[in-house]
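Me: I'm new to this one and would like to learn how to read it. Can you walk me through a few features?

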Amino acid sequence: MTTWADLWRPDGNTQPQYDVAWREFQARLTTEFVAWQAGIVREFSAPGQFVTTCVSYPRPDIEDHELNEALDIAAGNPYYAMQDALRHDARAWSVSQIGDWMYASRQAPFLVTETNAGTIGPPWDNRPAYEGQWRQAAWALVARGARMIEYWHWQTLHFGAETYVGGILPHSGRPGCLYKELACLGTEFETAGPLVAGLEPDADLTLVYCTPSKWLMQKYPPPAAHDGGPDAHAYHGIFGPFYRGAFEAGRQVRIVHARQLHDPSGERPGLRPEEALQRHPVLVVPALYPAADTTLDWFGAYAHAGGHLVLGPRTGYADHEARARQEPGPGRLFEAAGASYEEFSSLTADLPVRVTPGSPLRLPEQATATRWVDGLTAQDAEVLATYDHPHFGRWAAVTTRRHGAGRVTCVGTVPGRDLARVLAGWLAPTPAQRLAGPATLGHGRHRDLAGRAPRPRHPQLELGPRDRRGAGRAHRRTERHRSPDRHGIAPALLGRTSPRSHRRRLHPGLRAGSTNQPRTSPHTKGQPALATTFSSPPAHPHSTSSNPLLRVAGARLETYDGTPVRLRGAGLGGWLNMENFITGHPGNEAAMRSAVREVLGERRYDLFFDRLLTVFFDEADAALLASKGLNCLRLPVNYRHFEDDARPFEIREEGFVQLDRVVDLCARHGIYTVIDLHALPGYQNHQWHSDNPTHLAFFWDHPHFQDRVVRLWEFIADRYKDNPWVAGYNPINEPADDSGQVLPAFYDRLAGAIRSVDPHHILFLDGNHYSTDFGIFGDPIENAVYTCHDYARAGFARSGGYPGDTDGMWIGKEQVEEAFLRRTAYMRETNTPIWVGEFGPVYTGDPERDEQCAQLLADQLEIYRRHEVSWSIWTYKDVGLQGLVHIGADSAYQRHFGEFLAKKHRLGAEAWSSPQGEIRELAKPLEDLLAKEFPGFSAKPFSTRQWMDVLLRHVLLGQPLVQEYAELFRGLGDDDVLALADSFALERCVQRDWLLDALAGG
């Protein structure tokens, strides 16, 4: 006999040593065969191509780290139970563990060549993931070093053994929720690839893995299975609890093979103990049953050099041939440990564990030892915990002892969850340095994969979906992308593949390189303001740019790698800042909400408005804008979502849920967002759209209101500072500072406050008097865009036609362009970009009138194209007056409120939508009386008619109409209010196709 192949297979053999030797021989054949195949492939591969093979890690006939030495990158097929099995208190940790196991094969990033698409069990065990779990699990694997996630398989088979092994597409072949979620994941990977490819996972603890121990325990396990028989998974049953404990303690784990540290055969260089100490300050060695003398001596030297060596049960009990040693355990290390054992026992029930006086462990009452006990007796070691049992209580559960410059700790049992968690926290009291904010990678960001993981705030990496989200997050983020059905879903590849690994932070932070220095304020001469040096932030992929974050470059916008960008999009009016003509209510938003809450009650009120805000802009809406080539969405928000007047300066985290969601949605579709504070405390202008129930703008007279806005913007800027798909901040919508003295100084103060936390994002600054007057400003603030609103008189509901006479003035294209040039003179004089933050005509439903409005819009778009202007049309969605999309005539909302909307129009309760109406007939004599009796009266910044419109329409009529509107909710049930809200979902709305097409060409 010259080879193991001449000997019998180990099946039926009773010698454990023979079994281990045969498994090693079998694994060596596999390794040699794969290496031979790899050599053949390399003869024909092109330069730059890599060679790998997918490995099912639990299979018994491989030694994964040796097999992968012949390959360029490790690849594996991790499958895992889903649904409630991925709860944090179930097996969420196992996803990270398999990722760390694959990383350990080469101590380098790896590929996932197969993993769960749908359910992977037999026909009687179908448990596909809950919504969000696919993305959560994928990001968990990325966090541990995955460079690709590839799903098994494309379409579910119609016959054979895998008829019910679910693919990305079901049996029908029609894309469903799984397809959509993986399409979403693909766009995230497309964007985040350069940031996360090649991640080296942080590690607080290192667990030492031993494949020969696994082989031995598959046939001759020390602990029993639950039924009392042999447990073929015994090795992982000991190894896993140590990993899980670290996971639940918020500590990150690295797995390393024992032979990667020290190879007793001398075939591999391994690491010197001193070198290993620098990489792995804590080594946890559970169940390293067969171990060569030189390996155990190496561990002793590691501890003596300063490492913390943790020996789990059964470690070092046998020699390299799996023969029990003729000395106390842990073999060759009992003197260094100051404790030893010669007795041991299986456990049929968990044992309570108690700490000793002075122990650093802080165990809860329910802490237990499970499955196995090594009868540890302390010689000169400190006993940290014992068993609460009349027999086993004579032995130590945990001991520790100084050894040289380091320490040896012995754990004589398989720790229960609480004991394992407390041990991990004690072994690594200070977790590895986290990255800033929610972008931290690791176990802390993957606490619960059962659809309840916390969302990250920023879109770039959602580690636990929103859904963190599950959610990272792991917010959260994506570049402009194609529609989901054109996305490569399997595989979703992160960056270029290379077997080399390097540490890369997810977001080093946009703060790097910024400097804050005093300078002269451009708006208030001689006063200090903030100067910022704009350094290039971290790269982010983009369809034409490696970094989509925008900056000002002269008169244009560009990304940080110099790619010019022209923003073209819409405003999302009526969403987080509701306006009467957009969503159909009367008066101002706060008054309307208060009245509706009183009628519906708190629960049903929340049900209605939560649903309305969610469906008002969702995935389909973002996809629609992206399909038309639009790349920007302005997000008007009301301060009341983030702060309560009764509790000023206290920011409400829950207020950001919807804003985060839409920022994320837009990012996934390659759409920039501009966050626009549309309604400020104290009201920055006189109109309903600043949620003003009066006709006075108090904001400019009260420092209290101004201080609150500064605090709010500091918080918003800090939240989105690392988000490259937020184009910038629009701090005040349509300010109306009647004095013209407060606004310039306040902009300087606000810019300084924002730039102190976020030096990179653009400031979009509206001009005074409803963003039409820029004459009060001096030199422009750095990295700022001055924003005009360019409503043409001929586009208002009261116009006399286009071209035609409006308010005694002829308006054609020439006059429209003259108005635009007048409003943007400051930008051209200062060579800064032009962004038209709002424009767009009102559509009355009269075909002739609407055709004229369409021509006006076409003329404005042509002017903007010619002058290379960025723009945002007002508004995206409404009840039918101005939106690109509006509710249908047969919608539940229109059916329920139709008569009320007609009454508002008849009365003329809104100047924007019904400038005439019955109120106009009553107002005309009063207007004439004022002109006669007070000829010198000036109602800044209005004409007398506009001033009266505010008082009569929005205040006088608005208050009783608010009560009437609210009463229409009385008696409605849950289904009724949800149906009203769902009227604003895109699938139930009417699209103005001609308008969308016109914008697509604009």
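Predicted model: local features only at pLDDT ≥ 70, side-chain atom pairs only at ≥ 80, totals over all residues.

Me: What percentage of the residues count as buried?

Reply: Buried means under 20% relative accessible area. Of the 1002 residues of the protein, 60% count as buried. As for its secondary structure, there are 28 helices and 36 strands.

Me: Now the backbone. Which peptide bonds are cis?

Reply: Here's the general idea: most peptide bonds are trans. In this structure, the bond from Trp152 to His153 is cis, with omega near -5 degrees. You'll find His153 in the loop between β4 (146–149) and α5 (177–196). Another cis bond joins Tyr802 and Pro803, and its omega is about -15 degrees. Look for Pro803 in the loop between β29 (784–789) and β30 (804–806).

Me: And phi? What is the phi of Gln83?

Reply: In general, most residues other than glycine have a negative phi. Gln83 isn't a glycine, yet has a positive phi of about 55 degrees. This residue sits in the loop between β2 (74–76) and α3 (92–106).

Me: Is Gln83 buried or exposed?

Reply: Gln83 has a relative accessible area of 18%, and the cut-off for buried is under 20%, so Gln83 counts as buried.

Me: Where is Ala322, and what is its phi?

Reply: Ala322 lies in the loop between β8 (308–311) and α11 (334–337). Its phi is near 70 degrees, a positive value in a residue other than glycine. With a relative accessible area of 5%, Ala322 is buried.

Me: Let's finish with helix packing. At what angle do α14 and α26 pack?

Reply: To read a helix pair, take the angle, the distance between axes and the handedness. Helix α14 (residues 589–600) packs against helix α26 (residues 944–967) at an angle of about 35 degrees, and their axes are 8 Å apart. The crossing of α14 and α26 is right-handed.

Me: Which residues make that contact?

Reply: From α14 come Ala591, Met592, Ala595, Val596 and Val599. From α26 come Val962, Tyr965, Ala966 and Glu967.

Me: How many of the contact residues are nonpolar, polar or charged?

Reply: The contact of α14 with α26 has eight nonpolar residues, no polar ones and one charged.

Methods. Residues numbered from 1 in each chain as written. Heavy atoms only, no water. Helix = DSSP H or I, 4+ residues; strand = E, 2+ residues; numbered from the N terminus. Buried < 20%, exposed > 50% of the residue type's maximum accessible area, 1.4 Å probe, protein only. Axes fitted to C-alpha atoms, helices over the stretch in contact; angles between N-to-C directions. Left-handed = near helix turned anticlockwise from the far one by under 90°. Contact = heavy atoms within 4.5 Å. Nonpolar A, V, L, I, M, F, W, Y, C, P; charged D, E, K, R; others polar.
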